[in-house]
Amino acid sequence: SHLHTLALALKHTRIALSIRACDLCYCDGIGVSIISLLVNGVWIPKVTANSFIHEFARTLGVLSKKMALIGGAGDTLQAVSNYFATEGATIVCAHHGYLNDASRETLRTSLIDTKPDVVIIGMEQGSQEELALLLRKDLPSATFLCVGALFEFLSGRIWLCPPLVRQAGLEWVVRLVRDPGRLWRRYLLEGPALLFRATILRRL
């Protein structure tokens, strides 16, 4: 999770509950590391999907695991499918992430039929976690991994920051400069507001 995830959880109870129901949440942003330090006195290292997905993909190939991809559409989904196939993974289902009731049921039926070992979902925060919890009822033995915008990075649609920039926790600056219209509120309002709230909690 990152600061935007926490902001959504504060606003929407259903998103908070879906995140709490996840087996594991990793720190996908330096802001979460800072909040953890302020509230709990513990620094949590930042870990993004970009930092482990390549090794994860190779492992799936070595173990001959079946996988399903959900998210994106068109060229993006095809590029991500090609990426994992190149690593040796067997893709049994690749479905776009723009779901309505009918397409969600079609997706569910396809997953039940193909029984993937791993389901990777790249959608917007909140929606992907809710979908994972819904599908987990039909695939109790599968591993679900929610990766947000990872598909956009793997397909090349979004430029991946150099490792040093990511390690320094400055990836958000690059993203803000590249897409200010969509991200300014997230990084310039939501983030500072959460950090201020965490500071107040620390002092109570």
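**View 1. Confidence of the predicted model.** The protein averages a pLDDT of 87, and 98% of the residues score at least 70. This is a predicted model, in which local features need pLDDT of at least 70, side-chain atom pairs count only at pLDDT 80 or more, and totals for chains, interfaces and linings use all residues. Residues are numbered from 1 along each chain as its sequence is written, and side-chain values use heavy atoms, with hydrogens and water left out.

**View 2. The open sheet.** Four strands, in the order E2-E1-E3-E4, form an open sheet with parallel pairing; two strands pair if DSSP finds at least two bridges between them. Strand E2 (90–95) and strand E4 (143–146) are the edge strands, each pairing on one side only. Strand E1 (residues 66–71) and strand E3 (residues 118–122) run parallel and are joined by five bridges. Within this pairing, Ala68 has Val119 in E3 as its bridge partner.

**View 3. Helices on the sheet.** Helix H4 (residues 49–62) lies across E1, E3 and E4 and runs at about 150 degrees to E3. Angles run from 0 to 180 degrees between N-to-C directions, and axes are lines fitted to C-alpha atoms, for helices over the stretch in contact. Helix H6 (residues 101–114) packs on the sheet, touching E1 and E2; contact means heavy atoms within 4.5 Å. The direction of H6 makes about 170 degrees with that of E2.

**View 4. The largest pocket.** On a 1 Å grid over the protein atoms alone, a pocket is an open set of points where a 1.4 Å probe fits, with protein on both sides within 12 Å along at least five of seven lines; lining residues have an atom within 4 Å of a point. Of the 47 lining residues, His2, Gln125, Arg175, Arg186 and Tyr187 are the closest to the centre of the largest pocket. H11 gives the most to this lining, with six residues.

Key
Helix = DSSP H or I, 4+ residues; strand = E, 2+ residues; numbered from the N terminus. pLDDT = per-residue confidence, 0-100.
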